Structures are given as C-alpha cells and as structure tokens.
Amino acid sequence: MPEQTARAVGLRRRLEEMERLYRETGHYGGIDRLTLKEQDPFRYEKVYAELRGALVSARETALHISASPIVRNIGELCFAFYTPEGDSVAVSTGIITHVHTMSEAIKFMIRNDYDQDPGIAEGDIFCNNDPDLGNVHTTDVHTIIPVFWEGEMIGWAGGVAHQVDIGASTPGHDPIATANRFEDGFYVTAEKIGERDAVRKDFKVRASRSVRTPLYWDLDEKCRLAGVYMIRDAVHRIIREEGLDYFLRFMREAIEEGRQIFLARVRERLVPGVYRTASFEDAPYAGKAWHPEQNQDRMMHAPMTITIGADGSFFLDMEGASAPGPFPFNASEGSMQGALWVLITQTLIYDGKVNDGSYLAAGHHFPRGTWCNAADPTLAYGSPWGFLIPAFTGMFRCLSRGYFARGYREEIVCGYGFTGDPTQGGGILRATGQYFPVSNFELCSVGLGARGTMDGLDAAYAMWNPEADMGDAEVWETIESGLLYLSRRIKPDTAGYGRYRGGSGWEALRLVHGVTGMELYSFRDGAVFHGGAGLFGGYPNATGYRLFLRRTNFAEVVRERRPYPLGDADPARRELDTALRGEVHRSPHALILPQTFGDDDLWLCVFSGGPGYGDPLERTPAEVCADVAGNVYLPRTAENVFGVVVRPDAAGEWRVDEAATERRRAALRADRRARSVDYATFWERERRKLLEGRIADVVRRMYRESMSGSARWAEEFRAFWQLPDGWMP
Ligand code: MN
C-alpha cells in the first residue's frame, strides 16, 4: 500500500481484543512471559532506553519552539508513545499526568470508529482538549498523530502543553468564575485538524480567533508537532534497527512488564489491608459569584479507601464523594485516572517502566455523578485541579501508612502543598495600548510534605509535574508586563509543624504598573486544610488567604526613596499596611473572582507549604532554631508550637535558650495532658454535634451531597456514629 493511502482499519476490533485478552488472562495482551526480555535482556533494555530517550529529547528540544513561559521555562508539556490501541509504552519527563489522558483521547477516537470517519491515515494530525473525553481541562491541548511503518499503523505519538489562555469567559489558564461548559473556552473534541503532516488552514484560522493569545497557541502547536515528529523519526529508526516484529512485541511486553513491576512494588512496599482517609476543599462563592446558581459556599468531600491485596493488587475507591456543580472544579474520570497515574509513578514505580501497565494494575472507582466523575459535558471543567489536588493528598497519606508498617520510613511522604493561587487576568499597557496576559504558573513550586526521615522540600514540588519549577520572575514579567515583582521570598509559618516539618511555602508581592486597566483573580484553599492533617502527630500546612492593596501611595514612597514593603511575612505586623497608605483588602478566603486593578495597587500571592510528620515537640531545638534563622517559622511559633525558645545573640544570630526551652516544652506537655480526652469522650462529643445539628451550613450541604449520592456511604456514616435510620444532616 503506498504511504499516502495507508490507513488504520479495524482499530476498535483490535482494542476490544486487547481488552478481552486482559480480562481473560490478567496479562496485558495475554502476555504471561516476557520472552524478549528473557532471551536478550540487554537488547530489550536498550530499545526501551532508546524510546524513552527519544521522548525526553523530543520534549527538551521542542519546548524551545514555544514562546510561552509556561511551556518554555516551566516545561508544562510532555510526550508519550502509544500502542495502536492507545496504551502508553513510554513517556517523557514533564507534566506526565497527561500520558494517561491522551490514552483516553486515543481510545475515544478508536471507540467512535475514527478509522472509518474521519479516517486515520499516515500524516494525519488530531487535536483534543475536551475534559469529557479524558482530558483534565481545556487548557491542556493534545496533539496526537498516528505512526505508520510501510503502510501499517503501529502506534501513536502524542504531546500535550498547558496553554497561557484558552479563550474562556475570563482570561487565564485555570478559570474560576465559570459555571458551565460554554464558558470553558475553545473546545477541540478529538478533531482531525491536519493531513500530510500539515495543520489545515481553516483550523488555524479558527484557533487564532478562539483564544486571547494566538501567538502562544500557534507556537505551542508547532512545539507539540515538532516533538511528535521527532518521536516518529525515532520509532522508525528503532524499527529499522530491530525489525517491525520485534518492536510490536516489545511494546506489549513493556506494558505487561510495567504492570508486573507495579504488583511487585505493592507486595514489597505495602502491608495488605484497607487504608482510609478523607480530604476537603472550600469553594466560597457566596457573595462573589456572577451566576445565581453559583452564588453559594460549597465544600468538596473526597473520602478515599485504598485496598491492598496480598497478591499486590491495589484498589482506590472514592465512594461518597460530594456532588458536581456550577463551578469549574468538576473532574472527568480521565483526569482522576491521570492524577492516580502520576502519583503512582512518583511513589511506587519511579524506578521501573513507567507506562499504562501501572494504570492497568491500579484498580479504581470514581463514582459516576460525583465531582470526581461528573460525566456531564455541559458542566464547567476549567479547574478540576481545585478539587483533584486536595483529594489525592489522601493517597500519599494512605500509602505512607503502608510504608511505615513495612518499615520503609524513607518512602513516607505526608502529602504536598496545594499548587494554588495562580494569579491570572490581563490588562492593557498604557505605553503601547497592547493587551498583556497574566497567566502565572510559579505555583508549580510549593512545599512537599515531610518525609519519614527528613523535612519536606521547600518551594520545590508540584504533584502533577515531577520536574517542578517556579520559573524566573524576569521571564514572567516579559509577558505579564503590567504586573511587576517586588519580591519573592520564603513565607514563615506555611510549613506544617512536625518532628520533620513540611516543605516551606513562599510569597510573591506584585505591583500593578503602567496600565490603563487590568483584571486579576485567583484561587486556593482558604477556610479548609486542603490536604487533611499531617501524619503521626504532624500538622497540616497553613491555608491560603487573600491580601491586596488598592490606590496606594507607592509612587510617593519611591519618589521619597523610602523603603517599600516586600510582603506579609508576619500578618500580625502588617508590613504592607504600615509601609503604605491605601485600601487594604484582607480575607481568609483565597478565592477571588476577577476584579479591576490600577497603577500602584499591590497584590500578594501566597504559595502553600507541605504538611508535617510526627510530634513537633520532638523536633530538635537546633533544627527549630535553624528554621527561625531561615524564616521558615516566626520566633513565637517556635515557642508556642515547638516549645523552643530562641533569642538573638549580640551578633544578631539566633540561639536556643536551653533552660527556657526545657521549661516551655514541659509546660506544653502538661497543657496537652490537661486538655486531652479519651476517644470515647471525643466520639460522644462529635456525635452530639451531629444529633443536635450543630454543623455549619456549608458542611451540612457537603455531607448531604455525599449521603444522598451514595446509599453505601450514608449507611456506613450512620452506623459509625450510631445515628437513627434515615438520618440526614
Ligand atoms: Mn493544565
């Protein structure tokens, strides 16, 4: 068959056959023995390394084509290679959450007989960003090409990049004000957008008119295309060297090996049993929302049960999750699967073959009709991360208890900071009259939770991208031209307390300058600890809050050469309000919908720390003293929480007052004993609250959603608290 007419036919039949083989044999593709690996392990590993190397170098090279700081500097893109049926074989570095979401998009095309209409031929280009097909949010745009060899379809290469703007009802990449699909922006639902290796002109025209930043769209698309073509070339090279039969068998063995590695790791690292936890997130829209139906405070409930079998089986269940709604935090099942996948690759199989084998091995249940599997394409899916990130802290807590039980203390991770508070919006520069986007992504570096043997990483972690990077302030300023940086620094008291503390969060202070007008908005946890508690006596990290100043005398302060403020290190000291005059807006709710700002307004971003591990009274005084010296904790926090009294010496160096510390720790322990109650008393007290209806409205609504959505969960809740039949909060 000549190359130009080569077509993929019967893909749906092949996919169904692969699914049948897995169902019936329990092995991917029915492969129970890794014969290629057994016969010549060096050749097998060499081919895997070549493929993996090709994906990594495609990413490293292609990102330079993009102009967006989110892609170019932070590396919010990734590439993967898939079997003809859409299972990932190997992945690049980067935002690898999307390796599995692209798999879902490919399978959507296969299940809908795309090989018949619109056809899948050599040189075709497909694009997808529809969350209802498996993507996370419209901002994540997939470019997917079929790869052929001598007329036969042998796989797919895919690349994904996170856009600066996707044409939603508000500017930015994670819209917060949206209430339905029709505000999510530019939708491309698994469309064929090109043939013969060229994107069609009509699609380019449509795309350029559908987003606020067409230049970034265009260059990001070229970046993804360059990457997938590099991958196609590399696969052709491997096939020339190894032969087609070898490569086809290799792909399937690699996935089955990925599955087996996962089972072996689970057996090795975890104790069989049932692990349970819950996570929450606040969405305080009351009084803020633009839509009547959105104008209500809500809370997300993410109960999580992980069952580990003696055979290495793994099952994650979120029965009882709260409802979807008119907010942008609804998640598709595919995005939950992507998140499950990306965390597994960081905590269980980081040294193995990372591919969809691990996805197959990780059983899961995201109940349909809840926020985590909303299954309704008319809902808004602009920022599923808002609920998904908190929910999956539960997985780290559950697995860490298993690692502890097995004695793998060094594998423990208590959780992670909330990668939230993305400053977004846009404005018009006075000097040029030009639009500039504010589409910040420095939230990609928050605190990691404490480990079982050491503190968490400071300002260096994102759960969805194992290569976290906050990017250079100067680079952000090149696009966010009307929003200058006054500072970036470690934010005291954001790290969760513990024997090992969570990684610290940080703050950035921005100045609105040289604009005729702009709008800004943001979101993160405010009233609720997004990641639950820490582990084994460790504390949660601090929640976020909102602080900005309007109509300040900043220009006057600069003219008079007086020092200007650098942030809000100690909220009690009110550094911003005392250094400047202006309207101060301070709220415990970090969520803010777009508002207008003008010159000399100041905007603070507060990035999350991670949760802590173990009793803070067991942290060594020397470590706490170093924390104070490093601005991780304020001196009064060292004293009130850790019981460590520190004072500056004559040279201004922080020193531990040993005697005062001993007294303070003894007093804190005595206070704890005095306030402690036994479990039965605690249980009875909490039960009484339920029976007497002493529950905040927002919490009542959340539990009602969980109980009316799941009879199983409702029964369990009533049984645990010994509540009357049919009881509802
Ligand atoms: Mn994204």
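**Entry 1: a salt bridge, D202 and R200**

I started at D202, which is partly exposed with a relative accessible area of 47%. I noted that the model is a predicted one. The side chain of D202 meets that of R200 in a salt bridge, at 2.8 Å from N to O. I checked R200 as well: this residue is partly exposed, at 35% relative accessible area.

**Entry 2: R672 and D615**

I looked up a second salt bridge, between the side chains of R672 and D615, again with its N to O distance given as 2.8 Å. Where do the two partners lie? R672 is in helix α18 (residues 658-675), while D615 is in the loop between β20 and α16, so the pair ties together parts that are 57 residues apart in sequence. Is D615 buried or exposed? D615 counts as buried because its relative accessibility is 17%, and the cut-off for buried is under 20%. R672 is partly exposed, with a relative accessible area of 31%.

**Entry 3: R718 and E715**

R718 pairs with E715, and their closest N and O atoms are 2.8 Å apart. Both residues belong to helix α21 (residues 711-720). They sit 3 residues apart, about one turn of the helix. R718 is buried, with a relative accessible area of 11%, whereas E715 counts as partly exposed at 44%.

One network joins R489, K491, E507, D568, R574, E575, D577 and R586. How many salt bridges does the structure hold? I recorded 66.

**Entry 4: aromatic pairs**

I searched the whole structure for aromatic pairs and got 42. One of them is F536 with Y613, an edge-to-face pair. The ring centres are 5.5 Å apart and the planes make an angle of 85 degrees. This pair links distant parts of the chain, 77 residues apart. F536 is in the loop between β16 (515-522) and β17 (546-550). Y613 is in the loop between β20 (602-607) and α16 (621-629). I looked up the cover on each ring residue. F536 is partly exposed, with a relative accessible area of 38%. Y613 is buried, at 6%.

I also found a ring cluster. Ring pairs link Y285, F327, F329, W371, F387, F418 and F523.

**Entry 5: charges over rings**

I checked two arginines against tyrosine rings. R43 lies over the face of Y246, 3.8 Å from the ring centre. R269 has its charged end over the ring of Y408, at 5.4 Å from the centre.

I followed R269 to another residue. F404 and R269 are 135 residues apart in sequence, yet their C-alpha atoms are 9.1 Å apart in space. F404 is part of helix α12 (residues 385-406). At 38% relative accessibility, F404 counts as partly exposed.

**Entry 6: backbone geometry**

Which peptide bond is cis? I noted the bond from D117 to P118, with omega near 10 degrees. P118 has its place in helix α6 (residues 115-119).

A190 has a phi of about 45 degrees. This alanine lies in the loop between β5 (152-162) and β6 (191-195). A190 is buried, with a relative accessible area of 4%. N631 has a phi of about 65 degrees. The place of N631 is in the loop between α16 and α17 (635-640). N631 is partly exposed, at 47% relative accessible area.

**Entry 7: a surface patch and the domains**

F682 lies in helix α19 (residues 679-691). F682 is partly exposed, with a relative accessible area of 34%.

Last, I wrote down how the protein chain is divided. Domain 1 covers 11-30 + 42-166 + 177-241. Domain 2 covers 620-665, and domain 3 covers 679-721. What distance separates the centres of domain 1 and domain 2? Taken over C-alpha atoms, the distance is 52 Å.

Notes:
Residues are numbered from 1 along each chain as its sequence is written. This is a predicted model: local features need pLDDT of at least 70, side-chain atom pairs count only at pLDDT 80 or more; totals for chains, interfaces and linings use all residues. Side-chain values use heavy atoms; hydrogens and water are left out. Helices (H or I, at least four residues) and strands (E, at least two) are DSSP runs, numbered from the N terminus. Buried means under 20% relative accessible area, exposed over 50%, partly exposed in between (1.4 Å probe, protein chains only). Domain bounds come from an automatic or database domain assignment. Rings of Phe, Tyr and Trp (its six-membered ring) pair if their centres lie within 6.5 Å; planes under 30 degrees apart count as stacked, over 60 as edge-to-face and the rest as tilted. A charge sits over a ring if NZ of Lys or CZ of Arg is within 6 Å of the ring centre and within 35 degrees of the ring normal. A salt bridge is a side-chain nitrogen of Lys or Arg within 4 Å of a carboxyl oxygen of Asp or Glu.
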